[in-house]
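Hi everyone, thanks for making time this morning. Let me bring the structure up on the screen, and then we can walk through it together.

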Amino acid sequence: MTTRQDPPPAKCPAPAASLDAIAGFLLDLDGTCYVGDRAVPGAAAFVARCRAQGRRVLWVTNNCSRRAAEYAAKLNRLGFAATPEDVFTSGEATTLQLRGEGVTRVFLLGTPSLEREFQDAGLTLTAEDPQRVVVAFDLGVTYEKLKQACRLVRAGVPFVATHPDLNCPTEEGPIPDCGALCALITAATGVSPQVIGKPHAGMAAAAARRLGLPPHQIAMVGDRLYTDIRMAVENGMTGILVLSGEATIEDLRHSPFQPHLVVSSLADLLPAETPSSTRAS
Ligand SMILES: [Mg+2]
């Protein structure tokens, strides 16, 4: 999934003088632990090493078209030891936030899998008097659904997006994602959504709660500067960029979001006892 928007002003990297202070890692999935259906070499060993050292690991993804259990199954297939509780999606972050706000009735644009996830979280899906309009990745979107969403948003129902990504990469090329559907509703109503997924604070706070650690003891590892690294540096976490996915060294030169550390892949992070990784300047 990709997000291309005007970058906000640069934020200064803050914490973690050393990885010794890191008690938990948030790991991006695609481009970081696997690329498509292929595990990044050494990534599963990194996770095993973290756990052997007593460090916690939580996978975080903006892609909420599938549920945590489905991602855990894929991770296991690729050699990672993962349970559904080890995977945190923007869909779960959204349901947690909504329930925390006392919301029970939602008008949702999402996949059938996400609809079930919302219902399992105790949310009633309805167009009648909902408390939120929630937009996610929706392969079954229709003009009728968009019209309903716009009508509700225009009537003042708060508008929430599970994640900001404008496109979702597929084998046939990028296809419109949550951010693009939200852009249509915003164009029609003049209302922008509250966005939950990476790089936003809602996702960072919810993931930190799941790890049970303060932000300064957490490192976010990912292959995207404007989601993974931005979330880290704007929320008091250590940002570690891997070059096994989307971002390149060239991108790094022009990004307002600078990681604390750059490694070629997870295989280079936490090597037994003697780190050989390079500090980002
Ligand atoms: Mg990624």
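Let's start with the domains: the centres of domain 1 and domain 2, taken over C-alpha atoms, are separated by 28 Å. Domain 1 covers 19-62 + 198-279, and domain 2 covers 102-195; such bounds come from an automatic or database domain assignment.

Two housekeeping points. Residues are numbered from 1 along each chain as its sequence is written. What you see is a predicted model, in which local features need pLDDT of at least 70 and side-chain atom pairs count only at pLDDT 80 or more, while totals for chains, interfaces and linings use all residues.

Now the overall picture. The protein has nine helices and 16 strands; here helices (H or I, at least four residues) and strands (E, at least two) are DSSP runs, numbered from the N terminus. The radius of gyration is 19 Å, close to the 19 Å from the globule rule for 281 residues, so the protein is as compact as a globular protein of that length. That radius is taken over C-alpha atoms, and the rule is 2.2 Å times the number of residues to the power 0.38. Along the principal axes, the C-alpha atoms fill a box of roughly 60 × 40 × 35 Å.

Of the 281 residues, 46% count as buried. By that I mean 20 or more other C-beta atoms within 10 Å of the residue's own; 12 or fewer is exposed, in between is partly exposed, and C-beta atoms are placed from the backbone.

In what order do its five strands run? The order is 7-6-8-9-12, and the pairing is parallel. Strand 7 (124-125) and strand 12 (194-195) are the edge strands, each pairing on one side only. For strands to pair, DSSP must find at least two bridges between them. Strand 9 and strand 12 run parallel and are joined by two bridges, and Val160 has Gln194 in strand 12 as its bridge partner. Helix 5 packs on this sheet, touching strand 6, strand 8 and strand 9, and its direction makes about 135° with that of strand 6. Helix 6 (residues 178-189) also packs there, touching strand 6, strand 8 and strand 9, with its direction at about 135° to that of strand 8. Those axes are lines fitted to C-alpha atoms, for helices over the stretch in contact, and the angles run from 0 to 180 degrees between N-to-C directions.

Let's zoom in on strand 8 (residues 132-135). Arg132 and Val134 point one way, Val133 and Val135 the other way, and all are buried. Strand 8 pairs with strand 6 (residues 105-109) in the parallel sense over four bridges, and Phe107 stands opposite Val133. With strand 9 (residues 159-161), strand 8 runs parallel over three bridges, and there Val133 stands opposite Phe159. Strand 8, helix 5 (residues 143-154) and strand 9 make a right-handed β-α-β unit. Right-handed means that, with the strands pointing away from the viewer, the path from the first strand over the helix to the second runs clockwise.

Why does Leu152 count as buried? Because it has 20 C-beta neighbours inside 10 Å. Leaving aside neighbours within four places in sequence, Leu152 is in contact with Phe107, Pro130, Val133 and Val157; contact means C-beta atoms, placed from the backbone, within 7 Å.

Over to helix 7 (residues 201-211). Its buried residues include Met203, Ala207 and Leu211. The helix's buried residues pack against several elements, among them strand 1 (24-27), strand 4 (56-61) and strand 5 (87-89).

Finally, some backbone details. Most residues other than glycine have a negative phi, and most peptide bonds are trans. Asp129 has a positive phi of about 55° although it is not a glycine. Asp129 is in the loop between strand 7 and strand 8, and it counts as exposed because it has 10 C-beta neighbours inside 10 Å. The peptide bond from Lys198 to Pro199 is cis, with omega near 10°, and Pro199 lies in the loop between strand 12 and helix 7.

Methods: Contact = placed C-beta atoms within 7 Å.
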